[in-house]
Amino acid sequence: MIRTRTLLDEFAQAWPDLSGLQQRIICVVSDHPRIAIGEAATTLDIELNTAWFNAKTLADGQRGRHCYGLLQIARCSDDQRRRLLTLTPLGLKAAKLLAPLNVAVDDSLKLTRGENQLDLLHANKVVKK
């Protein structure tokens, strides 16, 4: 049996070592281009140092870290202390692959004890007459 290749397979092949947090940073920057790194940390509910470390890894990988080249970090023209995050063209491709996973979750997506994933598919099926 041949397994169908998915977007997750494509993503994992292109960036096998990318952490979940780094994927979330890509999604936040995709939703809010030119977001300040402090605002991104607040949005993700993480420490500023953690956001900074992961953003640098996604950008240029300084200090012996792996470099992904997915983010660009620039100084804000109004406040030289602020650093703004934008996606590079390669980062935009990563964000497109992550887009189907970057949706709001609500209680309707949770499975009850007696339910399985196939039940959800059958419930959404349109009956043709």
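Helix α4 buries A51, N54, A55, K56, T57, L58 and A59, where buried denotes under 20% relative accessible area, exposed over 50% and partly exposed in between (1.4 Å probe, protein chains only). The model is predicted: local features need pLDDT of at least 70, side-chain atom pairs count only at pLDDT 80 or more, and totals for chains, interfaces and linings use all residues. Residues are numbered from 1 along each chain as its sequence is written, and side-chain values use heavy atoms, with hydrogens and water left out.

Helices (H or I, at least four residues) and strands (E, at least two) are DSSP runs numbered from the N terminus. The buried residues of α4 pack against α2 (20-31), α3 (37-44), β2 (71-75) and β3 (83-87), contact being heavy atoms within 4.5 Å.

Pairing requires at least two DSSP bridges between two strands. The antiparallel strands β2 and β3 are joined by 5 bridges, and L71 lies opposite L87 in β3.

Across the whole structure, 1 aromatic pair was found. The ring centres of F11 and W15 lie 4.9 Å apart with planes at 50°, so the pair is tilted. Rings of Phe, Tyr and Trp (its six-membered ring) pair if their centres lie within 6.5 Å; planes under 30 degrees apart count as stacked, over 60 as edge-to-face and the rest as tilted. F11 is buried at 5% relative accessibility, and W15 is buried with a relative accessible area of 9%.
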